[in-house]
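Here are my notes on the model, written as numbered points. Please read them with the structure open beside you.

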Amino acid sequence: MIPLFDLTRQYLKLRGEILDAIDKVVSSGRVILGKNVSEFEREIADFIGVRCAIGVSSGTDALILAMKALNVKQGDVVVTTPYTFIASASCATWAGGLPSFIDVDLRTMNIDLDRLESVIKGEEGGINPKRIKAVVAVHLFGRTLDLDRLNRIQEELGIPVVEDVAQAMGAEWRMEDGSLKKAGSVGKISILSFFPTKNLGAYGDAGAILTNDEELCERLRMLRAHGSRIKYEHEELGMNARLDEIQAAILRIKFRHLEEWNERRIEVARKYGELFKEAGLDEKMEWPEPVDGFKGHVFHQFVVRFKEANFRERVIEAFKKREIGYAIYYPKPLHLQKVFEYLGYKEGDFPNAEELSKTTLALPIFPEIRDDEIEEVVNVIKNALEG
Ligand SMILES: Cc1ncc(COP(=O)(O)O)c(C=O)c1O
């Protein structure tokens with residue numbers, strides 16, 4: 001059996017250290033907002049290159065808090081991609097606003113930034129630019145969006161950007177001035193998820209919020225804990241959305257390996273690409289290539305696109321027989337979800353997102369996957385598509 005993702009292989013290597021860290025937290029008696037949370041916050045802020053990081057209970061809560069901190073209210077529009085995890089859009093609804101979608105680019109699978117810019121400038125219909133309060137920019141599957149352009153949207157067009165870095169911790173972008181920046185360093189607010197399968201994953205739910213803005217930082221810290229700065233003084237409506245001290249202790253151990261794990265993911269993606277090419281599969285499918293010179297894609301998922309819809313079914317059948325793990329991200333784009341029916345979208349509104357939902361497949365990828373397993377996955381695909 002070749003799993004899509006394997007939590008156990010990684011755990012077995014770190015088991016002693018992790019059990020020890022959990023034991024220390026519990027023995028200390030300080031299990032909420034202790035030193036592991038504050039030190040982890042410092043470590044990830046330094047790593048991403050922002051002033052402030054706030055550990056929270058999940059990526060979803062991080063997004064909802066980001067919307068609250070940007071004062072998204074009834075009637076406000078939050079623009080995002082229809083081809084992502086539900087939380088990138090539902091956060092707007094939770095804050096009382098309205099999610100609005102812009103189609104993705106077929107190759108990068110990320111939101112089409114040309115369309116986004118022209119919608120904000122009012123050059124395209126569909127969304128009233130005056131009502132746009134924020135953009136949730138998702139670095140999907142680990143591929144960094146153009147950070148120079150996100151910066152321009154924010155600075156020149158005046159729309160705050162919330163970078164959704166749930167799937168792209170450690171991903172980079174080479175800026176126009178030649179410097180390297182990390183995904184999450186540009187947005188007015190950025191969010192991370194440490195869901196167990198993420199590139200940096202906890203053993204439960206966990207997330208973080210990032211910002212360079214001191215005022216927002218303080219407000220978000222307060223919103224994370226019932227809108228309170230001083231015990232039993234509540235300034236505004238907040239949540240219980242704290243990062244757990246045990247999860248923080250685990251994340252600090254795993255964080256030391258993140259760069260090496262991301263490098264291995266990139267190597268795995270490169271190997272898949274080489275083997276696909278050798279097998280002549282470029283006529284039947286497309287796959288994401290690593291970016292030269294910097295970590296422009298950290299392959300949280302390795303998502304390929306088949307050139308004919310029935311190819312996917314054939315490969316899935318073969319994977320089932322050979323017990324190879326796979327996933328479809330995402331089988332139904334967000335504009336067609338029942339929960340967003342009230343937004344009034346219909347089939348055909350976002351053809352690229354719809355096309356991807358019918359033709360893509362996520363293949364096994366995790367740092368501990370062996371080369372012979374990658375070879376086997378490629379062989380099974382090759383045989384399934386032959387003839
Ligand atoms: C793009 C994206 N945004 C937000 C989230 C929400 O994160 P969480 O599961 O930690 O709530 C996830 C994933 O799980 C995600 O993939």
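1. The domain bounds used here come from an automatic or database domain assignment. On that basis the protein chain is divided into domain 1 (7–255) and domain 2 (258–385). The C-alpha centres of domain 1 and domain 2 lie 24 Å apart.

2. A word on the source. This is a predicted model, in which local features need pLDDT of at least 70 and side-chain atom pairs count only at pLDDT 80 or more, while totals for chains, interfaces and linings use all residues. Residues are numbered from 1 along each chain as its sequence is written, and side-chain values use heavy atoms, with hydrogens and water left out.

3. Contact means heavy atoms within 4.5 Å. The contact between the domains takes 44 residues from domain 1 and 40 residues from domain 2. Buried area is the accessible area (1.4 Å probe) that two parts lose on being put together, summed over both. Domain 1 and domain 2 bury about 3,700 Å² between them, with 62% of it on carbon and sulfur atoms. Tyr-83, Phe-141 and Asn-199 supply 20% of the area that domain 1 buries against domain 2, more than any other three residues.

4. How many salt bridges are there between domain 1 and domain 2? The count is one, where a salt bridge is a side-chain nitrogen of Lys or Arg within 4 Å of a carboxyl oxygen of Asp or Glu. Arg-9 forms a salt bridge with Glu-373, and their closest N and O atoms are 2.9 Å apart.

5. A nonpolar core is a set of buried Ala, Val, Leu, Ile, Met, Phe, Trp, Tyr and Cys residues joined through side-chain atoms within 4.5 Å. Buried means under 20% relative accessible area, exposed over 50%, and partly exposed in between (1.4 Å probe, protein chains only). The largest nonpolar core has 47 residues; Met-67, Tyr-83, Val-136, Val-162, Ile-189, Ile-209 and Leu-220 touch the most other members. Both domain 1 and domain 2 give residues to this core, so it lies between them.

6. Leaving aside neighbours within four places in sequence, Leu-220 is in contact with residues including Ile-54, Leu-65, Ile-189 and Ile-209.

7. Asn-310 is found in helix α10 (residues 309–322); helices are DSSP runs (H or I, at least four residues), numbered from the N terminus. Asn-310 is partly exposed, with a relative accessible area of 38%. The C-alpha atoms of Asn-310 and Leu-385 are separated by 9.8 Å, although these residues are 75 residues apart along the chain.

Conventions. Helices (H or I, at least four residues) and strands (E, at least two) are DSSP runs, numbered from the N terminus.
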